[in-house]
Amino acid sequence: MLSWFYIVVALRQTDRQAARDKERMQACEKLHEEQHQREIQQLSTKLHELERDRNLLVATLRQEGLLSQFRKSRTVAIQSIAALSDEEELARPLPDSQASKTSSRAQKKASLAEVLNELEVLSAAVIGDQEDGDTNEEEESE
């Protein structure tokens with residue numbers, strides 16, 4: 001009879017321990033879910049900010065008449081990258097022709113440098129026009 005008593009006590013202790021473990025796991029799961037929701041909210045906010053900035057940049061380019069230049073520069077960049085990859089596929093250098101490999105790399109770097117330069121010029125023009133517009137607005141408000 002005494003052994004049954006110990007078995008019942010041990011079962012009750014096990015049940016209480018299981019209930020505590022379950023509560024602890026539920027609390028941990030709730031914390032993880034809350035953290036996940038906060039991360040989703042932060043990412044959503046960041047996405048909206050980036051979309052707003054992108055739309056503002058496109059509107060500025062359109063207003064200044066630079067949107068076509070930007071699209072043209074972007075198209076040139078995409079075409080040059082495509083041309084480079086086509087050239088690379090067509091002119092796969094043999095292991096003993098290191099000179100052609102070096103000249104091919106130099107051509108790629110030169111064309112990429114040209115594209116980068118065009119983008120820098122365009123960015124500088126947009127920033128300069130935007131700063132001029134801000135300065136004019138400040139002078140008009142005074």
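Modeller: Helices (H or I, at least four residues) and strands (E, at least two) are DSSP runs, numbered from the N terminus. Here the chain reads α-α-α along the sequence, with three helices and zero strands. As for ground rules, residues are numbered from 1 along each chain as its sequence is written, and side-chain values use heavy atoms, leaving out hydrogens and water. This is a predicted model, where local features need pLDDT of at least 70 and side-chain atom pairs count only at pLDDT 80 or more, while totals for chains, interfaces and linings use all residues.

Colleague: Where in the chain is confidence highest, and where is it lowest?

Modeller: pLDDT is the predictor's confidence in each residue, from 0 to 100. The chain averages 78, and 71% of the residues score at least 70. Confidence is highest in α1, at a mean of 92, and lowest in helix α3 (residues 98-141), at 66.

Colleague: What share of the residues is buried?

Modeller: Buried means under 20% relative accessible area, exposed over 50%, and partly exposed in between (1.4 Å probe, protein chains only). Of the 142 residues in the chain, 9% are buried. The areas come from the Shrake-Rupley method with a 1.4 Å probe, and for residues only the protein chains shown count as cover. The chain exposes about 12,400 Å², with carbon and sulfur atoms supplying 56% of that.

Colleague: Which residues make the nonpolar surface patch?

Modeller: Patches take residues with over 30% relative accessible area and no salt bridge; like charges are joined within 9 Å, nonpolar side chains (Val, Leu, Ile, Met, Phe, Trp, Tyr) within 5 Å. In this chain Trp4, Ile7 and Leu11 make a nonpolar patch of about 360 Å². Leu11 sits in helix α1 (residues 2-63) and counts as exposed because its relative accessibility is 51%.

Colleague: How many salt bridges are there?

Modeller: Side chains of opposite charge can pair when their charged atoms come close. The rule asks for a side-chain nitrogen of Lys or Arg within 4 Å of a carboxyl oxygen of Asp or Glu. That gives two salt bridges. Asp21 pairs with Arg24, the closest N and O atoms being 3.1 Å apart; both lie in helix α1, three residues apart, about one turn of the helix. In the other, Asp53 meets Arg52 at 3.4 Å, N to O.

Colleague: Are those two partners, Asp53 and Arg52, exposed or partly exposed?

Modeller: One of each: Asp53 is partly exposed, at 38% relative accessibility, whereas Arg52 is exposed, at 53%.

Colleague: How far apart are Glu64 and Val126 in sequence and in space?

Modeller: They are 62 residues apart in sequence and 7.8 Å apart in space, C-alpha to C-alpha. Glu64 itself is partly exposed, at 35% relative accessibility.
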